[in-house]
Amino acid sequence: MLVCQALTDTTVIFPPVKCPHMEDATVTQSVDDEIATITLNQSESRNALSAELADALTATFESVTDSDARCVVLEGAGPAFCAGGDINAMLQGVKHDRPPATQVELVVSSLHEAIRTVHSCPLPVVAKIDGPAFGAGAGLALACDTQVASTDAQIGFGFRQVGLASDSGVSYFLPRIVGPNKAKELLFTGELLDASAAEELGLFTRVFDTETFESAFSELVTDIAAGPTVALSHAKRLVNRSLDSSLEQALENEATAQGLAFTTDDHEEGTTAFVEKRDPEFTGQ
């Protein structure tokens, strides 16, 4: 299913909502070889996140489970993954002296719903980062399960540059990856990290040379999509829950998940293939 809506640039307003079949859709979805690719398709604005784009992203992720996809790739069209929030909406709030609650509703609420939806998607979600991921765009990247980047990629949490704290889940994801003190430093300075520095901190899980990025990324994602889909979904949920669980609760959750995984065709195939000393051929069932 293809879902798209209008996107506001940081300086101009783009056309109204587009129909799914139109070529200039601002959010696109395609499924090929059981891999869903969701693209922020507004390179003119460097894929800046407006409320409209965030709503479209939420709807697209909600629809992806209706397809035969076993893995999701989130990417940005053009030279940037995502340049951050909708500066135009922020400026309108300043010009019209909007109450804080109204500004939060217009600027933050849809974005946060998109973050929740991406993070809770039952399929593995891989951020494909081949350019800057900045501010809210960095939060969107961290909401994915793994962040795979080219050597041209950058990431930064420069909310301070527009006089703001942080949003898009950054206060949740960032300290869990880099630790609270480093997270505060990155927010205090707004430093834009290159791919090497981001990988060292764990913000990028893989970095490939620009020349080989497409082929290396495709190989990695194909491998993920070929895995035991049900088991990987449980594994994702277990890790996400573990961040706020005791060891005892984590063990109970694991026992429940394994009980469900034991019933899958992929478990039977995996154990059989292991005994037969061959590679398993998982079907996702």
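# Exercises on side-chain pairs and helix packing

Phe213 and Phe217 both belong to helix H9, where four residues, about one turn of the helix, separate them; helices (H or I, at least four residues) and strands (E, at least two) are DSSP runs numbered from the N terminus. The model is a predicted one, in which local features need pLDDT of at least 70 and side-chain atom pairs count only at pLDDT 80 or more, while totals for chains, interfaces and linings use all residues. Residues are numbered from 1 along each chain as its sequence is written, and side-chain values use heavy atoms, with hydrogens and water left out.

**Exercise 1.** Determine how many aromatic pairs the structure holds, and classify the geometry of the rings of Phe213 and Phe217.

*Solution.* The structure contains two aromatic pairs, a pair being rings of Phe, Tyr and Trp (its six-membered ring) with centres within 6.5 Å, where planes under 30 degrees apart count as stacked, over 60 as edge-to-face and the rest as tilted. For Tyr172 and Phe173 the ring centres lie 5.3 Å apart and the planes stand at 85°, so this pair is edge-to-face. For Phe213 and Phe217 the centres are 5.8 Å apart and the planes are at 45°, so that pair is tilted. The next step is accessibility, for which buried means under 20% relative accessible area, exposed over 50% and partly exposed in between (1.4 Å probe, protein chains only). Phe213 is buried at 1%, and Phe217 is buried at 5%. In the other pair, Phe173 is buried at 7%, whereas Tyr172, at 26%, is partly exposed.

**Exercise 2.** Locate the partners of the salt bridge between Lys128 and Glu214, and state which network they join.

*Solution.* Lys128 is buried at 13% relative accessibility, while Glu214 is partly exposed at 48%. Turning to Arg176 and Asp244, their side chains also meet in a salt bridge, at 3.2 Å from N to O. Here Arg176 lies in helix H6 (residues 170-178) and Asp244 in the loop between H10 and helix H11 (247-261), 68 residues apart.

**Exercise 3.** Describe how the axes of H10 and H11 are arranged, and list the residues that make the contact.

*Solution.* Two packed helices are described by the angle between their axes and the distance between the axes. The axes of H10 and H11 come within 10 Å and cross at roughly 170°, axes being lines fitted to C-alpha atoms, for helices over the stretch in contact, with angles from 0 to 180 degrees between N-to-C directions. H10 is therefore roughly antiparallel to H11, given that angles under 35 degrees count as roughly parallel, over 145 as roughly antiparallel, 65 to 115 as roughly perpendicular and the rest as oblique. The contact (heavy atoms within 4.5 Å) is made by His234, Leu238 and Arg241 of H10 together with Asn253, Glu254, Ala257 and Leu260 of H11.

Definitions and conventions: A salt bridge is a side-chain nitrogen of Lys or Arg within 4 Å of a carboxyl oxygen of Asp or Glu.
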